[in-house]
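Colleague: I would like to learn how to read a few features in this model. Could we start with charged side chains and then go on to the strands?

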Amino acid sequence: MECAFCTSGIDHCHGTLVVHPDRGFAECTDPSCLDLDRVRHGLIIDCHTLDAGCACTGAEKPLLRHAS
């Protein structure tokens, strides 16, 4: 399956934009993403919803190891 945005030549990112509302910044899960504009990202989440928590919210949760 091909990305409709890619085939249409629309500027976008395949990563998830993680917004840190308490600190006023955002970061993307795609290391090659240089433009953090919300319009470019189809997936946007607040950092406090991350499974491991976020240091900026003071709600870090321990990482769990999963057996494979």
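Modeller: Start with the side chains of Asp11 and Arg40, which meet in a salt bridge at 3.0 Å, N to O. Keep in mind that this is a predicted model.

Colleague: Which parts of the chain does the pair of Asp11 and Arg40 tie together?

Modeller: Asp11 lies in the loop between α1 (4–8) and β1, and Arg40 in the loop between β2 and β3, so the pair ties together parts that are 29 residues apart in sequence. The count for the model comes to 1 salt bridge.

Colleague: Is Asp11 buried or exposed?

Modeller: The general idea is that under 20% relative accessible area is called buried and over 50% exposed. Asp11 has 54%, so Asp11 is exposed. Arg40 has 13% relative accessibility and therefore counts as buried.

Colleague: Now the strands. What is the order of the strands in the sheet?

Modeller: The sheet is open, with 3 strands in the order β2-β1-β3 and mixed pairing. β2 and β3 stand at the edges with a single partner strand each, so one side of each has no neighbour in the sheet. From one strand to the next, the twist averages 25°.

Colleague: In which sense does β1 pair with β3, and in which sense with β2?

Modeller: Strand β1 pairs with β3 (residues 41–46) in the parallel sense, over 5 bridges. With β2 (residues 25–28), the pairing of β1 is antiparallel, over 4 bridges. For a position to look up in each pairing, Thr16 stands opposite Leu43 in β3, and Val18 stands opposite Glu27 in β2.

Colleague: How many residues lie between β1 and β2 in the hairpin?

Modeller: There are 4 residues between them, and Gly24 in the turn has a positive phi of about 75°.

Colleague: Why is β1 described as largely enclosed by the rest of the structure?

Modeller: The reason is a count: 7 of the 8 residues of β1 (residues 13–20) are buried, so the strand is largely enclosed. Take Thr16, which lies in β1. Thr16 has a relative accessible area of 18%, so Thr16 is buried.

Colleague: Which residues is Thr16 in contact with, leaving aside its neighbours within four places in sequence?

Modeller: Thr16 is in contact with Glu27, Cys28, Thr29, His41, Leu43 and Ile45. Leu43 is also the residue opposite Thr16 in β3. As for Glu27, its C-alpha atom is separated from that of Thr16 by 8.4 Å, and the two residues are 11 apart along the chain.

Conventions. Residues numbered from 1 in each chain as written. Predicted model: local features only at pLDDT ≥ 70, side-chain atom pairs only at ≥ 80, totals over all residues. Heavy atoms only, no water. Buried < 20%, exposed > 50% of the residue type's maximum accessible area, 1.4 Å probe, protein only. Helix = DSSP H or I, 4+ residues; strand = E, 2+ residues; numbered from the N terminus. Pairing = 2+ DSSP bridges. Contact = heavy atoms within 4.5 Å. Axes fitted to C-alpha atoms, helices over the stretch in contact; angles between N-to-C directions. Salt bridge = Lys/Arg side-chain N within 4 Å of Asp/Glu carboxyl O.
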